[in-house]
Amino acid sequence: MSFTSYMDVALEEARAAGERGEVPVGAVIVGPDGIVAQDGNRTRELNDPTAHAEVQVIRAACRSLGQERLTGYDLYVTLEPCPMCAAAISNARIARLYFGASDPKSGGVGQGPRVFSHPQCHHAPEVYDGIGATAASDLLKNFFAGKRS
């Protein structure tokens, strides 16, 4: 069995989020039959501080599958999840997390609180970082550079 990365789809969602004026972060949930949900940040569009890409796809996948847990499903996201999203990933029982760019300022997985290492964390997914990191980081840098100019 070969490995297929879906980070390119997450990057497409991140680009679309940036075009909508959102911070360009995209996410995809994949199961045995392929993509279940994909989306990008929508916090401004929905006036919802919890509408991060990860939360959006977790909600959509759970709705689509008619279940509250995503055991055996993988999440691809272009940026290291924040603590809120890491907790949602844990609660959803995501099997594997693949993320692109690290987030030294707001990350909750390899930085800051390291949610999955916390003793009160009920489930920790396998974590793979650096997948498409350069492309994801460039999207974010260009987005914020455009905001400053």
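Predicted model: local features only at pLDDT ≥ 70, side-chain atom pairs only at ≥ 80, totals over all residues.
Five strands make up an open sheet, and their order across it is 2-1-3-4-5. The pairing is mixed. As a reminder, strands in a sheet pair through backbone hydrogen bonds, and they can do so parallel or antiparallel.

Which strands stand at the edges? They are strand 2, residues 34–40, and strand 5, residues 126–129. Each of them has a single partner strand, so one side of each has no neighbour in the sheet. On average, neighbouring strands here are turned by 15° against each other, with direction ignored.

Now look at one pair in detail. Strand 1, residues 26–31, and strand 2 run antiparallel and are joined by 6 bridges.

Is G40 buried or exposed? Its relative accessibility is 0%, so G40 counts as buried; the cut-off for that is under 20%. Setting aside neighbours within four places in sequence, G40 has contacts with E13, A17, R20, V25, G26, A53 and Q56. As for G110, it is 70 residues from G40 in sequence, and the two C-alpha atoms are 21 Å apart in space.

The second residue is T78, in strand 3. T78 has a relative accessibility of 2%, and therefore it also counts as buried. What does T78 touch? Not counting residues up to four places away in sequence, the list is M7, A10, L11, A14, P24, V25, G26, G100, A101 and A136.

Next, a helix against the sheet. Helix 5, residues 133–148, lies across strand 3 (74–79) and strand 4 (96–101). The angle between helix 5 and strand 4 is about 55°.

Last, the empty space. Rolling a probe the size of a water molecule over the atoms shows where such space is left. The largest pocket holds about 530 Å³. It is lined by 22 residues, and those closest to its centre are V23, L79, D103, L140 and F144. Which element gives the largest share of the lining? That is helix 5, with 5 residues. By type, the lining residues of this pocket split into 10 nonpolar, 6 polar and 6 charged.

That is the end of the talk.

Note on methods:
Residues numbered from 1 in each chain as written. Heavy atoms only, no water. Pairing = 2+ DSSP bridges. Helix = DSSP H or I, 4+ residues; strand = E, 2+ residues; numbered from the N terminus. Axes fitted to C-alpha atoms, helices over the stretch in contact; angles between N-to-C directions. Contact = heavy atoms within 4.5 Å. Buried < 20%, exposed > 50% of the residue type's maximum accessible area, 1.4 Å probe, protein only. 1 Å grid on protein atoms, 1.4 Å probe; cavity = no way out; pocket = protein on both sides within 12 Å on 5 of 7 lines; lining within 4 Å. Points joined across faces, edges and corners; volume = space filled by probe spheres on them. Nonpolar A, V, L, I, M, F, W, Y, C, P; charged D, E, K, R; others polar.
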